[in-house]
Each structure stands twice: as C-alpha cells, then as structure tokens.
Amino acid sequence: MTSSTPASRLCWIYPDRGTVRQRSAEAAAIWTTYTEIAADCGLAMSLHKSEALAVDAAGSGAPRVFLDGERITPQDTILVTSLWSLPHQVGEVCNQLFAYSIVEQAGFYLPIHPRMSYITTDKMATMLYLSDCPVQRVPTVRIGSGRDAISRHYEPALENLRYPLMVKPAYWGMGIGVCLAHNEHELRGLIGLAGGADTALVLQPYLGEGVNDFRVYVIDGKAHTVLRRIPQGASLTANLVNGGRLEYPPLPKELESSIDYLAERLRMPYFAADFLWDGDQFWLSEVEPDGAVGYALTEEIAKIQRPVIEARFRAYLAAHAEWIGRTGTPA
C-alpha cells in the first residue's frame, strides 16, 4: 500500500566542516531563506551531517532509517544528497558517498541521484558525460598532482592545449583555487601546490579577460531564470565573492537547444547549468545539481530569487509524489 500524503520533510545532508564565520554567512545568505520558503511549501527543512544517519536492516521487511535519532521514511522525507568536496570538506567525502548509496538502496527518493552527483562534481566527468551538448564544451585536460608529479607524467596529455591555461581544482567550486598559468614553469608550481592539497586539476584554455558566466536555473526540464555574472576587471572568475556583478537577462537563444539536451541527459527536477560567454560564442562550463540561489545583495534581487527557490522545492514535491506512486515504496 502506498501513501498519498505528500512529503513533510526536506533534509539536506550537508558536511558541517565550516568555521563559525562560514556557518553564519551561509545561514544568512542561503539556509534561512531556504527554510522559510520550504515552510511555505509545507516542508520542514533541516541540515544534517552524513554521519547523523543510522540504518537498521537487522529485521525482516524494509530497513528503518534514523536521522539524528528520529525515524524518517521514504514517504515523509526528501533527502538532498549533493556531493560536497570543497577543501575543508574533503574529509567528509567518503561518508557522503556511502551514506547516499545507502539511503538510495533503502528506498528514498533522491532528487539529486548519487550517480549524477558524482558525475557533476568532477569537471572532467561532467565534460565526458555531456559530450554531445550543442554548445561546445570548454576543452579540458585532467591531471593528477602529488609526489609523482615531479616526473611530469602528465605532459603527453597537454599536447592539444596552449598557454596561457586556466588551472582549476577538479572537484572544488565557488571559484576557489582558480589560477592562470602563462607557461610550463608556472604550471609546475601550481601542480606542486595542488599536491599539497591532494587534489587533481583540470586545465582549460584561457578565454580572455572579461568572460561572462551565464547560469541557467533549470526546473522541470525548462529554463526558469537566467543569472548573468560579470567579472570585475581582470578577475579570473565572475563569482560575487570575487567582486563580480550580476543581472537577470532572458535566456539567450543560442542556449535553448543545450538546455533541452541537458534536461534530457540529467533528468533532475532542478539543476543549474553554467555557460561562459567570451564575446563571440558560448561554452559549456559545468553543471551544479545543488546550485545555490542566495547572497541577495538587494531586496530587488531577493524578489527574483525567491520564486526560483520555491519552484525548485515544489518540483521536488511533485517528483517525489510521482516516484512514490510509480515505485509503490512500502512504509
């Protein structure tokens, strides 16, 4: 027997590895607003570490799943399971990977499927998975760092790239660690630093100064809102934390077919797709299944952002209800 009662809980499984200052900033910029809008949608929203999950599969029947000591079920709870791997969260990656796989096997609806989260977290995996995108992908090479990098084993992979190169950690985000290498000597230095953080790197052509970043929020397979981020001066990224400014334009026609392609390929009720505009053409940059909508600098911007967040949560509710009806997940 299945339940027709909609989910009542929206639980983010999120690694709590930040400082007091980071937590305060994230709460003010994102989580407080998310919680308020979730309540408007009839959802009690909360954040939890992956180690807060406990699963009892010792008896017969469906497993019992507990979150911070409280039982949750596939009928009443939607779990947001995006993989987070920023530098201060790396120690939590293993716990996240296994926790997400476990709750999937326990029968929970996950709007961000673990496999898709793993693919979209790593920039090279993203490029390979989206190889047929109508908008050209940024040419990308992925290399390892670490103690063996002094042997320059990576050099054969660089034959199709020319300096200057954008150098990025392969699975970080928010523009953290993005650098520009003008020659092989600078690149070796950056690889050495990356080895200290034990992270792989992706190398991409430098598209020039002033490259704009178009983020498209895709909900239920359609472009809902477009955010254009414009870098400050010679900044390598257009992130707001780096001084970028923003505007909300219509969806460029050049991106329409790519949004349809991504929606079909990713099959998620919500994701954010990032495209770079170099003044002549668009390039596919990355996809974020948990792309945040926040950091509203003005009330006017907040009024644009709130409908995106609400539409996301309502898409989660609708997809959860459809999934429960289709799978007949037992209570």
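Me: What lies over the face of Tyr129?
Reply: In this predicted model, Arg265 sits over the face of Tyr129, at 3.8 Å from the ring centre.

Me: OK, and which residues of helix α6 are buried?
Reply: Helix α6, which spans residues 256–266, has Ser258, Ile259, Tyr261, Leu262, Ala263 and Leu266 as its buried residues, and the elements covering them include the helices α3 and α4 as well as the strands β11, β12, β14 and β15.

Me: What follows α6?
Reply: Arg267 comes after the helix, with a positive phi near 50 degrees, and Arg267 is also among the residues that lie nearest the centre of the second largest pocket, together with Tyr109, Leu110, His113 and Trp323.

Me: How many residues line the second largest pocket, and which element gives the most?
Reply: The lining has 17 residues, with α7 giving the most at 4 residues, and by class the lining comprises 11 nonpolar, 1 polar and 5 charged residues. About 290 Å³ of space lies in this pocket.

Me: Switching to rings, how many aromatic pairs are there?
Reply: The structure holds 11 aromatic pairs, one of which is Trp31 with Tyr34, an edge-to-face pair at 5.8 Å centre to centre with 90 degrees between the planes. Trp31 and Tyr34 are 3 residues apart in helix α1, so about one helical turn separates them, and both are buried.

Me: Why is the pair of Tyr109 and Trp323 called tilted?
Reply: Their planes stand at 45 degrees, with the ring centres 5.8 Å apart, so the pair counts as tilted. This pair links distant parts of the chain, since Tyr109 is in the loop between α2 and α3 while Trp323 is in helix α7, 214 residues apart.

Key
Residues numbered from 1 in each chain as written. Predicted model: local features only at pLDDT ≥ 70, side-chain atom pairs only at ≥ 80, totals over all residues. Heavy atoms only, no water. Buried < 20%, exposed > 50% of the residue type's maximum accessible area, 1.4 Å probe, protein only. Helix = DSSP H or I, 4+ residues; strand = E, 2+ residues; numbered from the N terminus. Contact = heavy atoms within 4.5 Å. 1 Å grid on protein atoms, 1.4 Å probe; cavity = no way out; pocket = protein on both sides within 12 Å on 5 of 7 lines; lining within 4 Å. Points joined across faces, edges and corners; volume = space filled by probe spheres on them. Nonpolar A, V, L, I, M, F, W, Y, C, P; charged D, E, K, R; others polar. Phe/Tyr/Trp six-rings, centres within 6.5 Å; stacked < 30°, edge-to-face > 60°. Lys NZ or Arg CZ within 6 Å of the ring centre and 35° of its normal.
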